[in-house]
Amino acid sequence: PSLSQCCARAMEEALSAKLEELGINVQTIVHAAAPTVEEHSKHVGHIEGGGQAKNLCLKDKKGNMYLISALKDTATDMKEISERLGVPKSAPLRMAAADKMQETLQVLPGAVTPFGVLSPNALSVRLLLDVRFKECKTLLFHPFVNTKTTCISPADFDKLLSAIGRTAEYVDFSSNSSLAKAPEGNGKSEEAASPAAKKPAKEPKP
């Protein structure tokens, strides 16, 4: 196996250990490689109440990264998402390069997963989740490899995120409301970037 494959396997084991530590019971299905939504459907489409996800790892011109996870039939137009995030039209979001994805999420292309935020290199990645996930009985995510699918309830996934210090950011992808804000630990807010914000406040005169 390649170094990238070894990293993915190591993250899979770390995920399993964290779930066990938290007392979260999941079912993991082993199947043939499923690098696309279509291929994945062949293996998990029969699961009742299962929320099969499509996942996008995106990057803006400033290097901020976004991990978007939505139900497979939810419309996720990259142009519209870019606008809602306040990304300039002249430089919209684009797919992150494979090497950047591997470095940050420690997954290979075709195995992108919301579990990727467990990677110690993903602290600055902004995770946007489909609000429709909340309606599902179980969520179907690759556990860092696309030859398996882990079935986890929405509540348990939120519990996992909370345990690693992440907040679930649920988004209505059918809306056009703004999502603009500085990603966690990556990119500077307008206040932080302003020279005036760096000057100490003057003390009041006696």
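Figure 1. Helices here are DSSP runs of H or I with at least four residues, strands are E runs of at least two, and both are numbered from the N terminus. This is a predicted model, so local features need pLDDT of at least 70 and side-chain atom pairs count only at pLDDT 80 or more, while totals for chains, interfaces and linings use all residues. Residues are numbered from 1 along each chain as its sequence is written, and side-chain values use heavy atoms, with hydrogens and water left out. Of the 206 residues, 43% are buried; that means under 20% relative accessible area, with exposed being over 50% and partly exposed in between (1.4 Å probe, protein chains only). The protein exposes about 11,300 Å², and carbon and sulfur atoms supply 52% of that (Shrake-Rupley method, 1.4 Å probe; for residues, only the protein chains shown count as cover).

**Figure 2. Strand E2 and its partners.** E2 covers residues 50-59, and eight of its ten residues are buried, so the strand is largely enclosed by the rest of the structure. Strands count as paired if DSSP finds at least two bridges between them. With E3 (residues 65-71), E2 pairs in the antiparallel sense over seven bridges, and Ala53 stands opposite Leu71 there. Five residues separate E2 and E3 in a hairpin, and Gly63 in the turn has a positive phi of about 95°. E6 (residues 138-141) pairs with E2 in the parallel sense over three bridges, with Gln52 opposite Leu140. E4 (residues 94-95) runs antiparallel to E2 and is joined to it by two bridges; look for Lys59 opposite Arg94.

**Figure 3. Phe115, Phe133, Phe141 and Phe157 are linked by ring pairs into a cluster.** Rings of Phe, Tyr and Trp (its six-membered ring) pair if their centres lie within 6.5 Å; planes under 30 degrees apart are stacked, over 60 edge-to-face, and the rest tilted. By that rule there are four aromatic pairs. Phe115 and Phe141 are edge-to-face, because their ring centres are 5.6 Å apart and their planes sit at 85°. That pair links distant parts of the chain, 26 residues apart: Phe115 is in the loop between H4 and E5, and Phe141 is in strand E6. Phe115 is buried at 0% relative accessible area, and Phe141 is buried at 1%. Phe141 also meets Phe157 edge-to-face, with centres 5.2 Å apart and planes at 65°. Phe157 lies in helix H5 (residues 154-163), so this pair ties strand E6 to a part 16 residues apart in sequence. Phe157 counts as buried too, at 0% relative accessibility.

**Figure 4. Gln106, in the loop between helix H4 (98-105) and strand E5 (126-130).** Gln106 counts as buried, at 16% relative accessibility. Its side chain makes a 3.1 Å polar contact with that of Ser119 (N or O atoms within 3.5 Å; within protein, one must be able to donate a hydrogen and the other to accept it, and residues adjacent in sequence count only if both atoms are side-chain atoms). Leaving aside neighbours within four places in sequence, Gln106 is in contact with residues including Cys7, Met11, Pro120 and Phe144, contact meaning heavy atoms within 4.5 Å.

**Figure 5. Glu38, in helix H2 (residues 37-44).** Glu38 counts as exposed, at 57% relative accessibility. Glu38 and Lys72 are 34 residues apart in sequence, and 9.4 Å apart in space, C-alpha to C-alpha.
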